[in-house]
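Biologist: Thanks for sitting down with me. Could you bring up the model so that we can go through it together?

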Protein chains: 2
Amino acid sequence: MPGPLVLDKFLPYRLSITTNLVSDVIAGAYRSLFGLSIPEWRLVAVLAERSQATQLELGAATRMDKVTVSRASAALTSRALVERTANKDDRRSHRLSLTKSGRALYGQVAPKAIELEERLLAGFSPKEVENLQAMLMRLESAAHRMAE
Amino acid sequence: MPGPLVLDKFLPYRLSITTNLVSDVIAGAYRSLFGLSIPEWRLVAVLAERSQATQLELGAATRMDKVTVSRASAALTSRALVERTANKDDRRSHRLSLTKSGRALYGQVAPKAIELEERLLAGFSPKEVENLQAMLMRLESAAHRMAE
DNA sequence: ATAATCTAGTTTCAAATGATACTAGGTTCA
DNA sequence: TGAACCTAGTATCATTTGAAACTAGATTAT
């Protein structure tokens, strides 16, 4: 017999509450310090890791919709943080990469991101962090299976 | 010296990915089976627990904005799942409660919610679940502190 | 009491999001 | 080849969300 339903104990609810709070804090910091939205920040982070990517690849790497990627790319390009070079192999797509000032910005954002994460996880042991990550990934694949 | 930043390991990102996936699955189920949005479902769940509440109280219990609560209440009321009775003490507010058919609906939704949660957590031991909940709450209060 | 202030709930507006349709360019197969 | 189909990215539209303004009722201080 399943336990009674209490919203406060219901995992999807708890997840949502926690994530929304965390996202708000992070988004607020990025916006006020660097004028970046979350989608923009994600693209910058991925481009810093790989230096080159098409929007399709960026969408896959950040799990964002292609529309969201398109908009974030346009915003970053107009601020000259990202540049698009023609893709010889496929003229529909572009190769995106960070510009010099994009890399400079990343140099500032990344340490801040890490600091925020550390403050969030202050009081968690490395083992706990690892454990949390693993559980989130298990939930993710369970949800993925349930979505068929 | 902080580790390098890799988006896939960055906790706020992982949390967001997992939560969005989980939310989509849950929201899809509620919508297609019962025609309920997440905010509506939350109100129903809380009203089932307490039987009476003002919108303000519902907002506090579900951490939702008063606008969101207002809209969800209106939708539920128009479907006659919830009724509003005048509040003698304060004529600006109403006492909301589930109607008979609201309770009947809850009788169907709750087991489904529990089943979904169980499928999500299949493979988690009770101790792991408890642990996860506790970690989420710790994150929540850390985020809360960071929001000042 | 009554003016100033405050609060529960709604309405209005603007921003964010994603589904859909569209455009331009690729691929496949007869 | 060239017709049918497919895909990268953009534009359009409807939906969701929350901030700010608003309304009606409550509270406080003089």
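Modeller: Happy to, and please keep in mind that this is a predicted model. Of the 148 residues of chain A, 33% count as buried.

Biologist: Good start. In what order do the elements of chain A run from the N terminus on?

Modeller: Chain A holds six helices and two strands. Its C-alpha trace spans about 60 × 35 × 25 Å along the principal axes. Among contacts in chain A between residues at least 6 apart in sequence, 47% join residues at least 24 apart. Read from the N terminus, the order is α-α-α-α-β-β-α-α.

Biologist: How many residues of chain B are in contact with chain A?

Modeller: On the chain A side, 47 residues take part in the contact. They divide into 30 nonpolar, seven polar and 10 charged. On the chain B side, the number is 47.

Biologist: What kind of axis relates the two copies?

Modeller: Chain A superposes on chain B by a rotation of 180 degrees with 0.0 Å of shift along its axis, at an RMSD of 0.0 Å. The same surface serves both copies, as 100% of the contact residues of chain A recur in chain B. The copies are thus related as by a two-fold rotation axis.

Biologist: Let's look at H1(A). How far apart are its end C-alpha atoms, and what span should its residues give?

Modeller: H1(A) has 24 residues, and at 1.5 Å a residue they should span 34 Å. The distance in the model agrees with that, because the end C-alpha atoms are 33 Å apart.

Biologist: Which elements do the buried residues of H1(A) pack against?

Modeller: The buried residues of H1(A) include A:Leu15, A:Leu21, A:Val22, A:Val25 and A:Ile26. In chain B, their partners are H1, helix H5 (100-120) and H6. In chain A, the partners are H2 and H5.

Biologist: And H5(A): which elements do its buried residues pack against?

Modeller: The 21 residues of H5(A) should span 30 Å at 1.5 Å a residue, which agrees with end C-alpha atoms 30 Å apart. Among its buried residues are A:Leu105, A:Tyr106, A:Val109, A:Ala113 and A:Leu116. They pack against helix H1 (11-34) and helix H6 (126-146) of chain B, and within chain A against H1, H2, strand S1 (82-86) and strand S2 (94-98).

Biologist: Which residues of the largest nonpolar core touch the most other members?

Modeller: That core has 77 residues. To take one of the residues you are asking for, B:Leu47 touches B:Ala53, B:Val82, B:Leu96, B:Ser97 and B:Leu98, leaving aside residues up to four places away in sequence.

Biologist: Now the DNA. Which residues come nearest to DNA strand D?

Modeller: There are 17 residues around DNA strand D, and by class they are four nonpolar, seven polar and six charged. H4(A) provides the largest share, four residues. The nearest are A:Gln55, A:Leu56, A:Ser70, A:Ser93 and B:Arg91.

Biologist: Which residues come nearest to DNA strand C?

Modeller: Around DNA strand C there are 19 residues, namely five nonpolar, eight polar and six charged. H4(B) gives the most to this surface, with five residues. Those that come nearest are A:Arg91, B:Gln55, B:Leu56, B:Ser70 and B:Ser93.

Technical notes
Residues are numbered from 1 along each chain as its sequence is written. Chains are lettered from A and ligands numbered from 1 in the order in which they are written. This is a predicted model: local features need pLDDT of at least 70, side-chain atom pairs count only at pLDDT 80 or more; totals for chains, interfaces and linings use all residues. A nonpolar core is a set of buried Ala, Val, Leu, Ile, Met, Phe, Trp, Tyr and Cys residues joined through C-beta atoms within 7 Å. A residue is buried if 20 or more other C-beta atoms lie within 10 Å of its own, exposed if 12 or fewer, and partly exposed in between; C-beta atoms are placed from the backbone. Two residues are in contact if their C-beta atoms, placed from the backbone, lie within 7 Å. A residue is near a molecule or strand if its C-beta atom, placed from the backbone, lies within 6 Å of it. Ala, Val, Leu, Ile, Met, Phe, Trp, Tyr, Cys and Pro count as nonpolar, Asp, Glu, Lys and Arg as charged, and the others, Gly among them, as polar. Copies are superposed by least squares on the C-alpha atoms of residues with pLDDT of at least 70 in both. The expected span of a helix is 1.5 Å times one less than its number of residues.
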